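Hello,

Here is the structure I promised to pass on to you. Have a look at it first, and then read on for what I found in it.

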Amino acid sequence: MKDRFPTLKKITSAENGKYKTWQKLLSRKYREREGSFLVEGELLIKDAVSSSANLKEIIIRSGFDYTDFLNDIVLADNPSIENISFYELSDNLFDKIASTENGRSIIGVFSIPRCGMESFKHGDLVVLDRLQDPGNVGTIIRTSDAAGVSGIIAIKGTVDVFSPKVVRAAAGSVFRVPIAEVEDAKELVDVLKKLGIKPISIDPRGGKMFYDMPPDERLAIIVGNEGGGISKEILEISEMNLMIPMREGIESLNAAMALGIVIYERVRRRCKKD
């Protein structure tokens, strides 16, 4: 298979146009404009490729032996390897576009997966109301994937789900869970009505206990901003507010933890039913 290995194109200057493009992909605005994002590390790239994500370019740190990586991952799943460009960077240039400091030596450039609301045909949804912490959002995406949630809707103001920190925290789940964005509460209502899904909110300020949520309806489970919680506009359109019992003196749980408790109550019910 060695004869199928691509030729590495060496980039030696930070002024190189291709390199400048990769640097710009570290910003949300440019990712959205270009429809591309960076994925670091062999395991995440493997997850993306196995999930049929569109791999466009591979960037390799100078001196990294990528033979096994190409044999086991890229060539095995991408017979049209000739459509993917391969580049080599010095340590200095590579480190300037890498978001981690743990010695990863390979970065993939992928197309941002696009999905319409028609992707959410079955099961529950998770709605993110302006969450800002990348670790929280990545954990929510990963937990939603594990629990079999059919998709995620991010309300405008939520951290970019294709930022390097979110992608890393989601551990590959951004490639498996359909994710769409809406502008505001009004658009969210329109979408959920068309899908026939009931919006409910996780709100520590009061409501029914989480284990009293409707058993058989499709639900859009809304989790709010880490500091301010769910907005007034979103609470007004929620058909039910759910609370999680906590001892006195504790105001709220971490957003990802709260969401995990609620959606796994849904999993528990499904398993019990089966």
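**Helices and the sheet**

Helix 3 (residues 42-50) lies across strand 2, strand 3 and strand 5, and runs at about 25° to strand 5. Before you go further, please keep in mind that this is a predicted model. Helix 1 (residues 17-24) lies across strand 1, strand 2, strand 3, strand 4 (85-89) and strand 5, and its direction is at about 90° to strand 4.

What sort of sheet do the five strands form, and in which order? The sheet is open, with the order 1-4-3-5-2 and mixed pairing. Strand 1 (9-11) and strand 2 (36-40) are the edge strands, each pairing on one side only. From one strand to the next, the twist averages 25°.

**Strand 3 and its partners**

Strand 3 (residues 55-61) pairs with strand 5 (residues 106-111) in the antiparallel sense, over five bridges. Along that pairing, L55 has F110 of strand 5 as its bridge partner, and I59 stands opposite I107. Strand 3 also runs parallel to strand 4, and five bridges join these two strands. There, R61 has L89 of strand 4 as its bridge partner. As a reminder, strands of a sheet pair through backbone hydrogen bonds, either parallel or antiparallel.

Is strand 3 largely enclosed or exposed? Six of its seven residues are buried, so strand 3 is largely enclosed by the rest of the structure.

What does the side chain of S201 make a polar contact with? The partner is the side chain of S238, at 2.4 Å. Leaving aside residues up to four places away in sequence, S201 touches I222, I230, I234, L235, S238, M240, N241 and L242.

**Cysteines**

How many disulfides are there? With a disulfide taken as a pair of cysteine sulfur atoms within 2.5 Å, the count comes to zero. C115 counts as partly exposed because its relative accessibility is 26%, whereas C271 is exposed, with a relative accessible area of 53%.

That is what I have for now.

Best wishes

Methods
Residues numbered from 1 in each chain as written. Predicted model: local features only at pLDDT ≥ 70, side-chain atom pairs only at ≥ 80, totals over all residues. Heavy atoms only, no water. Buried < 20%, exposed > 50% of the residue type's maximum accessible area, 1.4 Å probe, protein only. Pairing = 2+ DSSP bridges. Helix = DSSP H or I, 4+ residues; strand = E, 2+ residues; numbered from the N terminus. Axes fitted to C-alpha atoms, helices over the stretch in contact; angles between N-to-C directions. Contact = heavy atoms within 4.5 Å. Polar contact = N/O pair within 3.5 Å; in protein donor to acceptor, adjacent residues only side chain to side chain.
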